[in-house]
Amino acid sequence: MHRNLHRTLLAAFLVPVVVGVAAPPARADAASAEQTAEQIAELRKVLLAQPGMREQILAGYKGQAATTIRLEWLVRTGIMCRLLADDDAKTIVAAAHEELEYNASLLADEDKATAEDYLDGVRAGAFRSAELTGELNEEACRHFGRPGGPLTKIMTWTGKRQYSAQGILASPRTIR
């Protein structure tokens with residue numbers, strides 16, 4: 001039992017590190033994209049061979065799915081408040097979907113349908129839970145665009161440097 005607990009804890013710490021290191025480079029050419037696909041397939045094989053990793057990978061996918069949907073919601077808010085340029089909106093959504101696709105590529109075949117259902121459910125819940133236009137007013141848009149606020153945080157997904165109200169560099173790909 002102690003050994004399994006140790007493996008589970010080790011897996012919980014290693015998956016984000018391994019997944020982050022092996023993440024595909026943005027805008028790769030065809031040759032490196034093929035090599036990256038082969039590396040991902042090998043990583044998937046190695047990870048899924050470890051006890052408990054299938055559940056960890058599915059949990060990672062679910063976390064990224066929630067992040068992706070939250071970013072879609074925040075991008076929609078930024079556009080409706082006229083605070084977010086279309087190019088930046090497309091870049092943010094594309095970056096989120098790229099990470100989600102990467103997480104999906106690591107899933108066990110048996111978990112892919114569950115993962116898609118989960119994503120659909122999160123999206124449906126997020127976009128049906130509240131009427132966005134009723135919530136947006138001048139004050140809400142000002143709050144959204146304040147220094148260090150939601151706009152600053154989602155802009156970190158564009159690759160452009162963003163600073164908080166105190167002039168501190170924001171962490172890349174932040175949403176909280």
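Which exposed residues does the face of H4 turned away from its buried side carry? In this predicted model, that face of H4 carries Asp86, Asp87, Lys90 and Glu101.

## Helix H4

Helix H4 spans residues 86-106. Its 21 residues reach 31 Å from the first C-alpha to the last, close to the 30 Å expected at 1.5 Å a residue.

Buried in H4 are Asp88, Ala89, Ile92, Ala95, Ala96, Leu100, Tyr102, Asn103 and Leu106. Viewed down the helix axis, these buried residues fall within an arc of 165°, so they line one face of H4. An α-helix has 3.6 residues a turn, so residues three or four places apart point the same way.

## Packing of H3 and H4

Helix H3 covers residues 53-80, and its axis comes within 9 Å of the axis of H4, with a crossing angle of roughly 170°. Because angles over 145 degrees count as roughly antiparallel, H3 is roughly antiparallel to H4.

On the H3 side, the contact is made by Ile57, Gly60, Tyr61, Gln64, Ala65, Thr68, Leu71, Glu72, Val75 and Ile79. H4 contributes Asp86, Ala89, Ile92, Val93, Ala96, His97, Glu99, Leu100, Asn103, Ala104 and Leu106. By class, the contact of H3 with H4 has 13 nonpolar, 5 polar and 3 charged residues.

## The loop between H3 and H4

Arg82 lies in the loop between H3 and H4. Although Arg82 is not a glycine, it has a positive phi of about 60°. Arg82 counts as exposed because its relative accessibility is 78%, where exposed means over 50%.

Key: Residues numbered from 1 in each chain as written. Predicted model: local features only at pLDDT ≥ 70, side-chain atom pairs only at ≥ 80, totals over all residues. Heavy atoms only, no water. Axes fitted to C-alpha atoms, helices over the stretch in contact; angles between N-to-C directions. Helix = DSSP H or I, 4+ residues; strand = E, 2+ residues; numbered from the N terminus. Parallel < 35°, antiparallel > 145°, perpendicular 65-115°, else oblique. Contact = heavy atoms within 4.5 Å. Nonpolar A, V, L, I, M, F, W, Y, C, P; charged D, E, K, R; others polar. Expected span 1.5 Å × (residues − 1). Buried < 20%, exposed > 50% of the residue type's maximum accessible area, 1.4 Å probe, protein only. Arc of directions from axis to C-beta.
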